[in-house]
Structures are given as C-alpha cells and as structure tokens.
Amino acid sequence: MTEKTLSKVESSAILSESPKQSIYAAYLIFILLLAYTFSFIDRQILSLLVEPMKRDLDISDTQMSLLQGLSFALFYTLMGLPLGRLADSKSRRGIIAWSIFIWSLMTAACGLAKSYWSLFFARMGVGVGEAGLSPAAYSLIADSVPKKHLAKAIGVYTMGIYLGGGMALIVGGMVIQWASTFSSISLPIIGEVYAWQAVFLAVGLPGLLLVPFLFTLKEPARSEKQEKAVPVAEVVQFFKNNKKTILLHNFGAALASVAGYGALAWVPSYLIRVHGMDSGEVGLAFGLIVLICGAGGVIAGGIAADRRFKKGQSDAKIRVAMWAMIIGIVPTLIYPLISDLTVVLLILAISTFFANFMMGLGPAAIQEVVPSNMRGQFSALYLFIVNLIGLGLGPTLVALSTDYIFGSPEMVGYSLLLVSFFAMAGSALLLGKCLPHYRATLVSLEESSTK
C-alpha cells in the first residue's frame, strides 16, 4: 500500500511530521497510556482479591468469575457500540474524560458494596465507564501518527493492559499483605470495611486526577466528510462487503483474549493454591511477568509487524499475530505441568510474551482495514466481540472447568491448560484463514481511494 491509500487527514499527518508534532504525538500517546493503565488497574485488581472476597462473601469460583468477567464485559461491550459511533464524529477527548470519571467512581463504589449483587452491579458500572476509552483512543492515535508507525503507537497504548495489570498485582499484593492482619479497616466517614474493599477505594479514586489532562489534548482536524456521522446503512454495507475479513479477524482476536483474560484472572489463584505462594509473593512475581513480558510482547509484535509492513507485506499485522499464537501454545501447555516454581515462572513469562502479541496488533489492524470515518464504530465492534467472548467467557470457562470438569480448586492449572490450548489454537486457525480476505480488503480500499 502507498500514501495514495490514505485519507486526507492521514496524509497531512505524515507529510507534516515535524519534531514538534512528534513530541505532541508522544505526549498524546502517553496520556492515553496512563488512562488505559488506570482502567486496567481498576479492572484487574479483582484477580488478586479472589480468596478474601470468596471468604467474606461466601461465593464459589464460578460466582467470582462472573464478577471478573460477565458483570464487567456485558455493559463494557454493549455501551462500546454507541460510544464508538460517537467517536467517529464527536469530541474523542471529551468521551475519554467522561469515561475516566465514571469508571473511577464506580470502582470506588465496589469498595462500598455490602453484598455480592451490589458488587456485581458496581462492576457493571465500571464496564460502562471503560467502554468509551479504547474506540476513541484508537481513532485519536490513528489520526495523530504516521501510518508506518501505527502498530508501534497502538502497541505502546496497549501497554496499559500490562502496566495496569502488573501494577494492580504488585501494589495490590503489597496492600493485601499489609491488610491481611486486619479483619476490617475503619475509614473516615465510610466506617468499617473489609480489607479488600479498602483496596477498591485506594485504586479507584486516584483515576479522577487524570481527567483534567485530557483537555490538554487536541482533536485532530477532521475532513468535512468526517465531521458528519456516517449513515448506518453505509457502515452496514461496508461490513457486508468485508464480513470475512472483519469476522475472522475479530473472532481470532477474541479467542486469543480467552486465553489472555483467563490467565490474568486465574494464574494468581493457581500460584497460591498449587505452589503455596502468598498474595504478596504472587503480586510481585506474576505482576512483574505481566508488566515486563506482557508489555514486551505487545511492543515486539508492533515492531515486527511495522518492519514487515515497510518491506511490502501488507498483511503483516495478521501474519505476525498468527505465528505468535502458534509459538505461544507450547509454553502455555507446559507451565501447568511443572512442579518446580522457578521453572514455572520462567515458562509462564515466555507464554505471556507470545500470547500478547495480538493485543496490540488486533486493534492496529482494524485502523488499517476500515475507512477513517468508520474507525470508531469498527473498533467498538472489535472490542464488543473480543471482550464479550474473551473477558466475558475466559475467566468463567477456566472456573467452570475447575468446578465441574476437574472438581477441585487445586486443579485450576489444568483448567488453564485446557482452555488456553483450544483458545490459542482456534485463534491461529482463524487468523490464518483471515489472511487472503484481509489482503483483498486492503486492495479494495486502495482502489476506492484512487477513484
């Protein structure tokens, strides 16, 4: 593909690339990275609170998995669709600012919940808030950086998953270890709360400090066509014309997310139950793996795809993601079978590295393969499918396997093996089938842009 295939906005971004604009683009990505990091701290802290929450609320692994997955994913995915459409014509920074405000308050509300169901609905509220972030962020990044750097730029933004997830584990583990000596904690105004409730309050409220920084960002100039919402019929027609590309890509990414979210939710419990680690040790060990290897994988995937794209491989993003899934299956199958903890952590680090290539390449591919005035909507569709399946089902499939197939909490490692193998193998298969359709869509976009 050449610069002729780009929209006027994209072309102007590339042609006017200057040191000042490069610095601003880096600042924009940094602010969005912070937002994504806060969102994942608020989203992921739950995985380290499994054991105390089960004890205090008297719930099962399956009920706990619904708090981790379905309660959040249901509204996260449903609200993402209308918010993605808004991002194609309205203020993206405004959408993100409101999103941060809502999810931060709702995370704090989790710390005030007095029952399982009040906590369930508060987690829904977190999902509603976080739904507006990524569709708007992807669109902002795609309109603010040169296309040749797009995979790396979105990869850096996607690092928020691992920075947030890792920090949630590390800091959360330290807090839980400190709070484990207390049955409850007395807070000003609020009164007595469980230790895990105090953790929700501690991680939720600081996100509000980020809201003012969103208003230091600029809305990239939109063409006259982009300022108007694309008719729904036109979006539907594009989907029909390219449904194999979009569905194979989206469902391939969704299966990768089943493995990823399943591991994020249940590896801490696996390390505690099977290898006898305490919450603080798990938080530090697995937190560092997520932080370093997860972030390293998403950046490495972006760099590899951008290099292959520059050499003329138009389907580089999908191809690199497919091979990462294939390679990542091997360590993912091995670590639950090993008894030596040091070896387990080493192999888990390798698995985490390769399993997360897709997390950056998936959204980057969407920005490349749809018209610029439909990016928000197709990003929202992508997130709808990926999170409804990956986040909604990943933790729950592992829990159901533990509760009903293996029948013992100590067998959670085998559940991770079973779910991850089928998810990653299925992802690689769908991505491989996507390749020719993806290339055809790129050619179609190039032809339509030259007319």
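Predicted model: local features only at pLDDT ≥ 70, side-chain atom pairs only at ≥ 80, totals over all residues.
**Exercise 1.** Work out where Lys148 sits and whether Lys148 counts as buried, partly exposed or exposed.

*Solution.* Start with the accessibility: Lys148 has 39% relative accessibility, so Lys148 is partly exposed (buried means under 20% relative accessible area, exposed over 50%, partly exposed in between, with a 1.4 Å probe and protein chains only).

Residues are numbered from 1 along each chain as its sequence is written, and side-chain values use heavy atoms, leaving out hydrogens and water.

**Exercise 2.** Find which residue forms a salt bridge with Asp61, and where the two partners lie.

*Solution.* First, the partner is Arg273, with the closest N and O atoms 2.9 Å apart (a salt bridge is a side-chain nitrogen of Lys or Arg within 4 Å of a carboxyl oxygen of Asp or Glu). Then place them: Asp61 is in helix H4 (residues 61-68) and Arg273 in helix H13 (residues 243-275), so this pair links distant parts of the chain, 212 residues apart. Finally, check the cover: Asp61 is buried at 3% relative accessibility, and Arg273 is buried at 16%.

**Exercise 3.** Decide whether Glu368 and Lys317, a salt-bridge pair, are buried or exposed.

*Solution.* Glu368 has a relative accessible area of 4%, so Glu368 is buried. Lys317, at 2%, is buried too. Their closest N and O atoms are 3.1 Å apart.

Terms used: Helix = DSSP H or I, 4+ residues; strand = E, 2+ residues; numbered from the N terminus.
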